[in-house]
Amino acid sequence: MKKKKIILSLIAIILFFSLLFILNSVFNSHQTRILRLCGIYVVLALSLNLINGFTGQFSLGTAGFMAIGAYTSAILTMPPAQKASAYYLEPIVPWLADIEMSFLPALIIAGLISALIGFIVAAPVLRLRDDYLAIATLGFSEIIRVVITNLQNITNGSLGLKGLPNYTNVWWSWGVAVVCIIFMALLINSSYGRALKAIREDEIAAEAMGINLFRNKLFAFTVSSFMAGVGGALLGHLMGTIDPLMFRFTLTYNILLIVVVGGIGSITGSVISGVIVTVAMEALRIVDGNIDLGFMVIKGIPGMRMVIFSILLMVIILFFRRGIMGTNEFSWKWILESKLFKKRKEVA
Amino acid sequence: MEIKEFLQHLVNGISLGSLYALLAIGYTLVYGILRLINFAHGDIFMISTYAGFYLMSSAILPWWIAFLLAIILTCILGILVEKAAYRPLRDAPRISLLISSIGMSYLIENLAIVFFGGRPKTFPIPAIFDRIITIGSVKIPTLSFIIPVITIIILAILLHIVHNTKTGMAMRAVSTDYEAARLMAIDVNKIITFTFAVGSTLAAVGGIMWGMKYPSLIPLMGVMPGIKCFIAAVVGGIGNIRGAVLGGFILGLGEIMLVAFMPALSGYRDAFAFILLIFILLAKPTGLMGKNLAEKV
């Protein structure tokens with residue numbers, strides 16, 4: 001059975017990448033951009049879900065860690081000549097001026113630095129619970145943004161960085177997403193994952209069973225920061241431009257929306273809703289512009305899209321609290337034992 | 001620094017602190033009863049400023065009627081937010097309630113962007129508040145006196161309500177023990193509605209005075225003061241009205257003095273509150289005036 005599952009998963013991954021290949025060649029540039037965005041949001045949603053959904057620690061710091069990742073990777077990959085012209089208010093510090101590396105090491109370093117900051121932040125913050133934790137992580141994410149705005153000679157301050165190399169193609173974005181999905185699936189079904197879920201269900205009981213609360217929370221928070229950093233770096237190289245205002249807490253709210261829609265505590269849910277919400281957000285752009293119905297033109301209202309999204313978030317949290325998947329996961333067992341296959345066996 | 005300059009900063013800090021205090025009380029009241037960070041509180045504050053702006057710029061109403069109407073509208077909004085977003089989740093896990101409040105805040109902000117537009121608007125200040133008093137060589141706007149005075153008056157009324165009336169007693173009962181209060185035949189929902197009404201009214205008073213002191217209005221203006229004032233409430237001891245006021249003043253004075261004494265750090269002004277929060281939570285998690293609660297195991 002286990003071998004069968006692995007083979008099925010491998011086939012699914014190969015099929016998925018073939019599908020991506022087809023989509024990538026069929027879609028126009030705007031559509032592939034959305035496709036790339038989907039992969040990034042899946043990574044980010046998984047990052048937030050790991051700490052909020054699986055460990056039960058309500059953190060709102062994602063945007064801050066994304067900012068660290070995006071800036072690290074941007075500074076590491078930009079050509080020195082471009083840096084010299086971008087930092088016109090104050091020149092970049094000498095030890096960063098001549099660095100230029102390829103995307104993969106930059107991405108990994110971005111994740112590591114983000115994880116390191118996450119580790120440092122987590123030590124004091126994880127002593128808090130629930131809403132205190134939420135406000136403290138939100139606070140740290142804002143502090144990170146304030147620091148980035150003020151470190152003129154490292155981050156170029158509020159001017160932001162423009163003309164980032166456009167590395168995030170479909171393969172990078174979905175490649176990272178698939179690695180993250182596999183990693184999360186393995187993690188959640190390992191003893192570490194079970195410890196995290198035990199903490200979510202009942203901290204005191206978990207502690208009584210010999211689970212080190214602090215160490216496990218720290219582990220989840222650090223891994224989550226790593227993923228957020230990588231996601232932020234991917235986003236930066238997709239957008240081509242980053243500035244501190246991009247990483248406001250509203251970005252965290254968007255990712256929270258994805259997690260809530262998918263189901264808090266479900267990998268499958270995060271993946272499905274990461275794709276659905278991203279596509280829907282793009283599709284709803286028509287609401288912001290004028291809609292031509294042929295016989296009449298409905299005047300678009302800029303910003304209406306976000307109103308619809310916040311209403312969606314409210315409706316889901318008020319009436320469908322479980323989201324798409326609840327805490328259920330996709331599994332081969334579920335597919336193989338579903339009615340469809342059983343019937344076929346009976347016929348045979 | 002000259003004494004004159006210092007006095008100016010002091011007055012400035014006190015009036016900012018008063019505004020923070022008014023907003024922090026709303027957080028502390030709601031947290032005391034529902035154990036919820038009402039993320040939408042900062043946005044209710046923002047709406048009050050815009051309501052004041054639109055009613056004032058219609059120029060039909062005298063300023064005091066316009067302000068009164070703005071306060072009443074905001075109060076109604078606060079009650080509606082509670083009814084729509086928090087009441088259906090009374091028995092839900094706290095995380096759902098928290099997400100609901102984030103969603104509500106996001107919704108109000110986005111609606112504000114659609115209806116009020118993203119461009120900053122200038123709050124029209126009634127001539128009566130727009131004067132400058134000169135004491136010796138120190139020039140102080142009248143507003144800097146009016147704000148603390150109004151805050152103190154409102155605080156006195158609020159403390160009277162909470163400590164000397166039946167409704168106030170019921171509020172304290174609900175915040176001490178929700179279930180027991182219900183068993184004592186207190187209509188908990190009514191008390192919660194009343195709490196939101198009081199909190200929103202204070203936010204509206206604060207919002208209008210904020211509009212006169214810092215007259216540039218944008219739809220996201222409520223977010224930062226909102227988060228900072230929750231921090232002020234935590235610093236003072238959440239659930240404690242006097243604590244919220246103390247926290248508000250510490251934060252207001254601290255911010256102004258940070259910028260005054262260390263101009264190099266003025267870019268980090270917004271980070272001050274969060275650093276204060278983290279120190280307080282590590283050193284005295286119950287806040288300066290909070291009661292020590294033993295953690296149940």
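Predicted model: local features only at pLDDT ≥ 70, side-chain atom pairs only at ≥ 80, totals over all residues.
View 1. Salt bridges with shared partners join B:K228, B:E255, B:R269 and B:D270 into one network. Within the pair B:R269 and B:E255, the closest N and O atoms are 3.1 Å apart. The two residues lie 14 residues apart and link distant parts of the chain, B:R269 sitting in helix α11 of chain B and B:E255 in helix α10 (residues 241-261) of chain B.

**View 2. The salt bridge between A:E142 and A:R145.** The closest N and O atoms of A:E142 and A:R145 are 3.0 Å apart. Because they are three residues apart in helix α7 (residues 130-150) of chain A, about one helical turn separates them. Both A:E142 and A:R145 are buried.

**View 3. The salt bridge between A:R285 and A:E282.** A distance of 3.0 Å separates the closest N and O atoms of A:R285 and A:E282. A:R285, at 42% relative accessibility, counts as partly exposed. A:E282 has a relative accessible area of 15% and is buried, because buried means under 20%. Over all chains, a search of the whole structure finds ten salt bridges.

**View 4. The surroundings of A:Q57.** A:Q57 is placed in the loop between α2 (29-54) and α3 (62-77) of chain A. Its relative accessibility is 3%, so A:Q57 counts as buried. The side chain of A:Q57 makes a polar contact with the side chain of A:E203, at 3.2 Å. Apart from neighbours within four places in sequence, the residues in contact with A:Q57 are A:I51, A:N52, A:L128, A:L133, A:I199, A:E203 and A:K217.

**View 5. The interface of chain B and chain A.** Here 46 residues of chain B are in contact with 43 residues of chain A. About 3,900 Å² is buried between the chains, and carbon and sulfur atoms give 79% of this area. B:I99, B:Y106 and B:V114 supply 17% of the area that chain B buries against chain A, more than any other three residues.

**View 6. The side of chain B that touches chain A.** Two or more residues each come from α3 (63-86), α4 (94-116), α9 (223-236) and α11 (269-283) of chain B. The largest share, 15 residues, comes from α4(B). By class, this side has 35 nonpolar, five polar and six charged residues.

Terms used:
Residues numbered from 1 in each chain as written. Chains lettered and ligands numbered in written order. Heavy atoms only, no water. Helix = DSSP H or I, 4+ residues; strand = E, 2+ residues; numbered from the N terminus. Buried < 20%, exposed > 50% of the residue type's maximum accessible area, 1.4 Å probe, protein only. Polar contact = N/O pair within 3.5 Å; in protein donor to acceptor, adjacent residues only side chain to side chain. Contact = heavy atoms within 4.5 Å. Buried area = accessible area lost by both parts, 1.4 Å probe. Nonpolar A, V, L, I, M, F, W, Y, C, P; charged D, E, K, R; others polar. Salt bridge = Lys/Arg side-chain N within 4 Å of Asp/Glu carboxyl O.
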